[in-house]
Amino acid sequence: MLMVISVAMLLMSLAAPSLVDLSPTRKSAIREVRMGLERARLMARKENRVTYVAFADGTPPSTDDRYRLYAIFRAEDELQFGSDSAGISLMNQPVAQVSRWESLPAGFLFATGSDFEAMPGETFQTILDSPHRRPFPFNLDQGTAELPLPFVAFHPSGRVEVPPAVESSLLHCGIASGYCEANGERILTGTRPGMNQAGEFAQGECLALNRYTGKARVITD
């Protein structure tokens, strides 16, 4: 009996790491998003075209799709950047989808700035708080529709073009443990008490985008 128990414990110890590795974590999810942003940045440099990463912000009608999807798009034409037309062109430029709509693992959703605790006197926002939205094609049950979604746009040089320089506080992409109910309400399943102010904040991970290089780095919540 002792031998049988010993063998069973050995097998369990060998299987445990594999089972743990199968469980999605916030860190692995945020790394996937970081890789998607980096892919878009490198594509902009390689093809000399503006690339966009669009994020679902509750607009898609399906509960499972809300706050969990992101995809890469590419401008169909090269842009002539001018002081008067650059912003308009970026918002209206026809785009082609170059990646499928990727999804965060079940149990995670894209976070807003209010999900994270900020230092006193500082404004913390994420892409989901951005007022800059443009239409992106999205496949629905009844066909393809153009949905206005928040996005990050990479210039062919690799820098972040949108959100613009005057709104650098928006250069964050965060995820949190939670889900979305049928009525669109976001429910955070992992929270912690605030350290610098009252309230409950997400157990989450966040990326900070460098405006000039376009590179993203993981920051703590």
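Reader: Which side chain meets Arg159 in a salt bridge?
Author: This is a predicted model, in which local features need pLDDT of at least 70, side-chain atom pairs count only at pLDDT 80 or more, and totals for chains, interfaces and linings use all residues. Residues are numbered from 1 along each chain as its sequence is written, and side-chain values use heavy atoms, with hydrogens and water left out. A salt bridge here is a side-chain nitrogen of Lys or Arg within 4 Å of a carboxyl oxygen of Asp or Glu. At 3.1 Å, N to O, the partner of Arg159 is Glu161.

Reader: Is Glu161 buried or exposed?
Author: Buried means under 20% relative accessible area, exposed over 50%, and partly exposed in between (1.4 Å probe, protein chains only). Arg159 is partly exposed at 30%. Glu161 has a relative accessible area of 18%, so Glu161 counts as buried.

Reader: How far apart in space are Asn210 and Arg159, C-alpha to C-alpha?
Author: Asn210 lies in the loop between β13 (204-209) and β14 (216-219); strands are DSSP runs of E with at least two residues, helices are runs of H or I with at least four, and both are numbered from the N terminus. Asn210 and Arg159 are 51 residues apart in sequence, but their C-alpha atoms are separated in space by 7.8 Å.

Reader: With which residues is Asn210 in contact, leaving aside its neighbours within four places in sequence?
Author: Contact means heavy atoms within 4.5 Å. Asn210 is partly exposed, because its relative accessibility is 35%. Its side chain also has a polar atom 3.0 Å from the backbone nitrogen of Thr213. With neighbours within four places left out, the contacts of Asn210 are Val160 and Lys215.

Reader: How many residues apart are Arg133 and Asp57?
Author: Their side chains meet in a salt bridge at 2.9 Å, N to O. Arg133 is in strand β6 (residues 133-140) and Asp57 in the loop between β1 (51-55) and β2 (69-75), so the pair links distant parts of the chain. Asp57 is buried at 13% relative accessibility, whereas Arg133 is partly exposed at 28%.

Reader: How many salt bridges does a search of the whole structure find?
Author: One of them joins the side chains of Glu102 and Arg100 at 3.4 Å, N to O. Glu102 is partly exposed at 27%, and Arg100 is exposed at 63%. Arg26, Lys27 and Glu205 are linked in a network of salt bridges. The search of the whole structure gives a total of nine.

Reader: Over how many bridges do β1 and β2 pair?
Author: Two strands pair if DSSP finds at least two bridges between them. In this pairing Val53 stands opposite Ile72 in β2. The sense is antiparallel, and the number of bridges is five.

Reader: How many residues of β2 are buried?
Author: β2 also runs antiparallel to strand β3 (residues 95-97), with three bridges, and to strand β4 (residues 102-103), with two. Phe73 stands opposite Gln97 in β3, and Leu69 opposite Ser103 in β4. β2 is mostly covered, and of its seven residues the number buried is six.

Reader: What share of the 221 residues of the chain count as buried?
Author: The chain has three helices and 14 strands. Among contacts between residues at least 6 apart in sequence, 66% join residues at least 24 apart. Of the 221 residues, the buried share is 43%.

Notes: Polar contact = N/O pair within 3.5 Å; in protein donor to acceptor, adjacent residues only side chain to side chain.
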